[in-house]
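Please look through the sequence and the 3D structure shown here, and then read the short report that follows.

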Amino acid sequence: MKDYSLSGASVWIANTNKLIKYTIQDGLPAEKIYKRTSSENFDAFVEKGVYRLKADALFYDWVQAILQYKIVRTDSLKYLVFDGGVNLIKTEDGKAMYTEYRNWKGYRFLYGQGQTYIIDKENKPVAILNVSPQSVLVKNRLYEKYKNLVITVDLNQLGLN
């Protein structure tokens with residue numbers, strides 16, 4: 001088992017190549033299965049923290065926008081969207097997604113396309129940094145290891161305080 005997700009009276013289980021939904025209906029267990037046909041494997045359920053960039057340069061929480069569906073990320077960073085009947089609705093390329101990895105003083109840190117975007121409460125980007133999710137935050141300073149160097153970013157100097 002790679003991951004599981006609870007949804008009402010249902011349990012969704014992701015194995016490497018199979019998605020199973022167990023539900024209790026009329027006192028009896030019911031099972032629905034989706035089997036992968038490609039070489040990609042299921043990795044994890046995604047329930048929050050995946051953003052997309054809109055045309056107006058604002059980010060939006062893509063997962064929250066489609067709460068009626070179950071989303072599973074594959075090991076090749078594709079996002080598979082399933083309905084309640086375990087039918088594949090669509091596949092989204094992870095290259096167009098930004099993953100939230102940190103929240104600091106109301107600012108969210110999103111990583112995508114090799115950069116960190118810091119967004120405010122209105123989902124507006126306030127800074128773009130060349131740091132990874134492996135960066136370390138200590139008080140108001142962000143530390144990133146790059147080759148033999150340590151890069152320090154003072155977030156207060158960016159106006160984030």
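## The start of the chain

In this predicted model, Met1 lies in the segment that comes before β1 (3-7). Met1 has a relative accessible area of 67%, and because the cut-off for exposed is over 50%, Met1 counts as exposed. Together with Tyr4 and Leu6, Met1 makes a nonpolar surface patch of about 390 Å².

## The largest pocket

The largest pocket holds about 160 Å³ of space, and its lining includes Arg73, Leu77, Tyr79 and Pro133. Sorted by class, the lining residues are five nonpolar, five polar and one charged.

## Salt bridges

Across the whole structure, a search finds eight salt bridges. One of them joins Asp43 to Arg73, with the closest N and O atoms 2.8 Å apart. This pair links distant parts of the chain, since Asp43 is in strand β5 (residues 42-46) and Arg73 is in strand β8 (residues 70-74), 30 residues apart. Asp43 is partly exposed at 25% relative accessibility, and Arg73 is partly exposed at 23%.

A salt bridge also forms between Asp154 and Arg141, where the closest N and O atoms are 3.8 Å apart. Asp154 belongs to strand β17 (residues 149-154) and Arg141 to strand β16 (residues 141-146), so the pair ties together parts that are 13 residues apart in sequence. Asp154 is buried, with a relative accessible area of 14%, whereas Arg141 is partly exposed at 34%. Elsewhere, salt bridges that share partners join Arg36, Glu40 and Lys78 into one network. Within it, the closest N and O atoms of Arg36 and Glu40 are 2.5 Å apart.

Key: Residues numbered from 1 in each chain as written. Predicted model: local features only at pLDDT ≥ 70, side-chain atom pairs only at ≥ 80, totals over all residues. Heavy atoms only, no water. Patch = residues over 30% accessible without salt bridge, like charges linked within 9 Å, V, L, I, M, F, W, Y side chains within 5 Å. Areas by Shrake-Rupley, 256 points an atom, 1.4 Å probe, with all protein chains shown as cover. Salt bridge = Lys/Arg side-chain N within 4 Å of Asp/Glu carboxyl O. Helix = DSSP H or I, 4+ residues; strand = E, 2+ residues; numbered from the N terminus. Buried < 20%, exposed > 50% of the residue type's maximum accessible area, 1.4 Å probe, protein only. 1 Å grid on protein atoms, 1.4 Å probe; cavity = no way out; pocket = protein on both sides within 12 Å on 5 of 7 lines; lining within 4 Å. Points joined across faces, edges and corners; volume = space filled by probe spheres on them. Nonpolar A, V, L, I, M, F, W, Y, C, P; charged D, E, K, R; others polar.
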